[in-house]
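Please keep the structure in view while reading.

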Amino acid sequence: MGNWVVSLAGPRRVSLEPCPPDRLGPGQVRVRTCYSGISAGTELTLYRGSNPRLSKDWDDASRMFVPRQSPPAYPVVGFGYEEVGEIVEVAPDVADRRPGQVVWGIWGHRAEAVLAAGAVTPLAPGLDPLVAVFARPGAIALTAVLAGDLHLGDWVGVFGQGVIGLLGTRLAVLSGARVVAVDRVPDRLAHATRLGARRVVDAAVDSAAAALHAATGGRGADVCLELSGSYPALHEAIRATAHAGRVVAAGFYQGYAHGLGLGEEFHHNRIQLVAAQVSGPAPAPGTAGRWTGSRIAHTFMDLVAEGSVDPLPLVSHVVDAGAVADALALLDRGDGDVLQVVLRFR
């Protein structure tokens, strides 16, 4: 395969396009992609055309979305943030990277990339390269867990057991929490049990709020993590949480908030609602200067290397990059047996 990049010409119009190779400059390395994971959250918002950055501009100074002044958003070229590859060339002034190293980082769905040497991290020896596509999803999950400020013995509801939700379940368990995992897909709840959840709730059948209140003698969850991006799930997480407890909203919510009633338990129980976003400031009060984005991602990969987290069972589909349109359509359908979909470039 030559140098190819995934391109979105418009909503649900995706293709793999040829592109010229970049020149290698000082301090840089050339990486050939082995695998690139597809995000079922952010990337689907681009694929479906619902991402706010497609219709508005983000103003860094005010940290607000403003009416769009820039050129049309499409085509979106080279999106993606879950990559692992092999270094094939290094600049003469690069001493700490070498050809043949397997590295992980963020360079988008493309067959080859030229990057600053410090932007890629060598994979720990002995690991399957496929685990490295989870570095960013794992960082998202760990950001939510840190934002929840979990403590040993806390009862924690984790709403949504997709890839990030399942990783959040495992990380919450490692933090000492007693986790109740919530989803509508029985297979995903079975994964959550294997990852250490004390109880599971099929939200298509039962009330998660009732289950968490029952598990805690009527008190409610100490913390709930909402990782599905569903407004009704966020509403149920608020209902499930104890008076003055915390709900971490870490999903990428789209459109208007149908199904979210803030005049109900949120208002009457004085729930603390906090947002968690992986590329934002420190995830929780008191962590600034310590828990940087880089530390979060590296900590997650350290947990993988030591065997505390095994993300490989969450890979449900590995497809050739040439079939990227089929891969995104698969995620778009939302079938229950689909978890982490990975593009294979080599």
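In this predicted model, helices H2 and H3 are oblique to each other, because angles under 35 degrees count as roughly parallel, over 145 as roughly antiparallel, 65 to 115 as roughly perpendicular and the rest as oblique, and the angle at which helix H2 (residues 135-148) packs against helix H3 (residues 163-174) is about 50°, their axes being 8 Å apart. The crossing of H2 and H3 is right-handed. On the side of H2, the contact is made by Pro137, Gly138, Ile140, Ala141, Leu142 and Val145, while H3 contributes Val163, Ile164, Leu167, Gly168, Leu171 and Ala172.

Six strands, in the order S13-S12-S11-S14-S15-S16, form an open sheet with parallel pairing. Its edges are strand S13 (199-202) and strand S16 (272-275), each of which pairs on one side only. Between neighbouring strands of this sheet the turn is 20° on average, with direction ignored.

Within this order, strand S11 (residues 155-159) pairs with strand S14 (residues 221-226) in the parallel sense over four bridges, and Gly157 is found opposite Cys224 in S14.

Two further helices lie across strands of the sheet. Helix H4 (residues 186-194) lies across strand S12 (178-183) and S13, and runs at about 170° to S13. Helix H5 (residues 208-215), for its part, lies across S11, S12, S13 and S14, and its direction is at about 165° to S11.

Conventions: Residues are numbered from 1 along each chain as its sequence is written. This is a predicted model: local features need pLDDT of at least 70, side-chain atom pairs count only at pLDDT 80 or more; totals for chains, interfaces and linings use all residues. Side-chain values use heavy atoms; hydrogens and water are left out. Two strands pair if DSSP finds at least two bridges between them. Helices (H or I, at least four residues) and strands (E, at least two) are DSSP runs, numbered from the N terminus. Axes are lines fitted to C-alpha atoms, for helices over the stretch in contact, and angles run from 0 to 180 degrees between N-to-C directions. Contact means heavy atoms within 4.5 Å. A crossing is left-handed if the near helix is turned anticlockwise from the far one by less than a right angle, and right-handed if clockwise.
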